Amino acid sequence: METNRILTLAKQALLTFTVSLILFAPISGLVLEGFGFRNELVRAVLLAALVAVGRVVLSVVGMTALGRKLAGSAARNGGGVIVMTGNEKSPVLILALLFAAGLALPFFADKYFLGIAILALIYCLLGLGLNIVVGLAGLLDLGFVAFYAVGAYLLALGYQYLGIGFWSALIIAPFLAGLCGMILAFPVLKMHGDYLAIVTLGFGEIIRLVLNNWLEFTGGPNGASVPPPTVLGLEFTRTAKQGGVPLHDYFGIAYSADYKFWFIYLVLFLVVCLVIYAVERLRVMPLGRMWEALREDEIACRSLGVNHVFTKLTAFMLGASTGGLAGVFFAVHQGFVNPTSFTFFESALILAIVVLGGLGSTVGVIAAALVLTILPELLRDFAEYRVLIFGVLMVAMMIWKPRGLVRVRRPAFFPSTAPRGDTAPLSVSPEVAR
Amino acid sequence: MNAPLLDVRNVTMRFGGIVANRNVSFSVARGSVTALIGPNGAGKTTMFNCITGFYRASEGQILLNGPAGQQDIGTLITRPVTGGSHLVTRAGIARTFQNIRLFKEMSVVENLLVAQHLVTANNLVSGVFRTPAFRRAEREAVDRAYHWLGEMNLIDDANRLAGELPYGRQRRLEIARAMCTGPRLICLDEPAAGLNPSETHELSEVIQRLCKQHGQTVLVIEHDMGLVMRISDHVVVLDHGEVISDGRPEHVANDPAVIAAYLGVSEEEVEA
């Protein structure tokens, strides 16, 4: 028995060593030097040995009682969905505290931190939007950034050509982005997931390339400037540029560039709260339930009379609208937009937020959005390893928490009257009585 | 009102060169239990898919007699842009599946609520702001769901995940879900497959109760002959895609053509 185990371990170690050697030899074993290269194979062998030792240690720990317990608990946590009992305490108090803390944040944070917070909230918005499409309706969308770009450029170009301001853009953007979503999705929604993923990927790139190459209209790679926001004709600049009154003059206070960010943060925070509320309501609404049912089983949905094309379309449009909204905030925060902000990497990042958060879980998506935007800022010193850490995080998640950070909880429903007695004049049957 | 609820006229279904159903005609009377039986590969499920709108029959008509007059199932499916099998359910034909298709990661009640999407308030704004109309519609839907759970004896499982239920209960839940669409005709595809004898017995009671107490018309595909003979008023036998016998259960059970199809024929008879 014991020798058998050691033999297995040795085999495993050898296999790991070989595989990692094959991987490491070309990557770190050969160093380019001008037009030739230098052999550093010892380094590769050392790295491979390190990996093999690590694998053996993992296996040995896994054999001990403690290791088994750990593995067992990790596996249990992975099991996805639970139904609430209906007796949970209402989290109103915590939510109210969080809301108050969110509103108070600008008064405590410095400008740098406020900038990060705005960025994090924008990604929250994007994550929530994509969560409708991917998490609830189960449609893989790889070009979500296109709708983000639509929102951002609506404000920039709308101001340039039509004189649209921040508030009008905030209202128009969801509709315009939703319309784009509809035009894009209608022809392909009858197809299955993979085709949709490819089409959306293409759409994302098309939008970026059009923005990049249509020099006369969009300004191409030079981008377009975005007007600073105004509120009721008050402006946040030192001197009025849009025909209003500067805010600090109106209130007779000293000028500070921070006011603009305070304003953006507060509006954004309120919009995010509204969207969170709407998304949470959607989950217990017929439309949201139909989305989730479609994700679970499309054929069964059709057998229940659900118009699957129309239902998917609504999911796609609502997701796109939220993306458009996020775009407006991004534009007004940056004060300038250009196509490099809307690359495929951005789409992948948003998708990662949704997957990490647990498909369909609102709390999870918010947490993941905050972590994935704030963490890189805190880890500025390790900026070079950012993508590496990101990758490791994803791999670890897929192994130990494939269903995301936060478990999906389903609402419980109870009849309006006593559950048994009343179920009806019709149901006086021997079985219920039994 | 004596017109049959469902009238299948000369339906032929081809898949390329293969003919799954040839010239099938039968009718389903209101308030009756009609069974569609036949050996494996006889084309029962294909017929079912034509009736429930998942396939468009190559030839022939499938007519549903509703309050709105006769509707041809085929034209519902092929209607441009908005057409599709969901319209068939809206016309009043609900179905269950041979391999259960529940929304496994949703709770039992939610499964039934999805089925009622036509009567709940689907408006986005009313739902987000919880208007009184929305709340009333939602409350009625939940009550209706509980009503059918009671009928199917599933009340204790109401707030569990559908995927966690034992197999027999999943079967009953699927029937409850189909009933929640308020159908005129419910089509059950092998409802007794994989059930043990006592569960099968319970199922036959459920089907009979649907028929007797709710006046529900039922069309059922089944291999369990005991169940078929016990519950059905009318049996249609398919073999090689054609109707070989059609009538009362006792008539069908004694029909030589049916016995031949199920048990095979001895050599003398073939020669004779």
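Predicted model: local features only at pLDDT ≥ 70, side-chain atom pairs only at ≥ 80, totals over all residues.
Chain B is divided into two domains: domain 1 comprises residues 1-92 together with 183-272, and domain 2 comprises residues 101-182. Taken over C-alpha atoms, the centres of these two domains of chain B are separated by 27 Å. Their contact draws 20 residues from domain 1 of chain B and 16 residues from domain 2 of chain B. Between them the two domains of chain B bury about 1,400 Å², and 66% of that area lies on carbon and sulfur atoms. Of the area that domain 1 of chain B buries against domain 2 of chain B, 28% is supplied by R90(B), P183(B) and H214(B), more than by any other three residues.

Polar interactions also occur at this domain boundary. Two salt bridges are counted between domain 1 of chain B and domain 2 of chain B, and the count of residue pairs in polar contact there is four. On the side of domain 1 of chain B that touches domain 2 of chain B, α3 (85-91), β7 (185-189) and α8 (197-214) of chain B each supply at least two residues. The largest share of that side, seven residues, comes from α8(B). By class, the side of domain 1 of chain B that touches domain 2 of chain B has nine nonpolar, four polar and seven charged residues. A salt bridge elsewhere in the description of chain B joins the side chains of R172(B) and E202(B), at 3.6 Å from N to O.

The next level is the interface between the chains. Here 52 residues of chain B are in contact with 47 residues of chain A. The area buried between chain B and chain A is about 4,500 Å², with 59% given by carbon and sulfur atoms. Three salt bridges are found across the interface of chain B and chain A, along with 14 residue pairs in polar contact. On the side of chain B that touches chain A, the elements giving two or more residues are α3, α4 (108-115), α5 (124-128), α6 (132-151) and α8 of chain B. Among these, α6(B) gives the most, with nine residues. The residues on this side of chain B divide into 19 nonpolar, 16 polar and 17 charged.

Side chains of opposite charge can pair when their charged atoms come close. R101(B) forms a salt bridge with D297(A), with the closest N and O atoms 2.9 Å apart. R410(A) forms a salt bridge with E110(B), with the closest N and O atoms 2.6 Å apart. R410(A) lies in strand β9 (residues 408-410) of chain A and E110(B) in helix α4 of chain B, so this pair joins two chains. Both R410(A) and E110(B) are buried. Salt bridges that share partners join E292(A), R295(A), E296(A), R410(A) and E110(B) into one network.

E292(A) is buried, with a relative accessible area of 1%, whereas R295(A) counts as partly exposed at 28% relative accessibility.

Note on methods. Residues numbered from 1 in each chain as written. Chains lettered and ligands numbered in written order. Heavy atoms only, no water. Domains from an automatic or database assignment. Contact = heavy atoms within 4.5 Å. Buried area = accessible area lost by both parts, 1.4 Å probe. Salt bridge = Lys/Arg side-chain N within 4 Å of Asp/Glu carboxyl O. Polar contact = N/O pair within 3.5 Å; in protein donor to acceptor, adjacent residues only side chain to side chain. Helix = DSSP H or I, 4+ residues; strand = E, 2+ residues; numbered from the N terminus. Nonpolar A, V, L, I, M, F, W, Y, C, P; charged D, E, K, R; others polar. Buried < 20%, exposed > 50% of the residue type's maximum accessible area, 1.4 Å probe, protein only.
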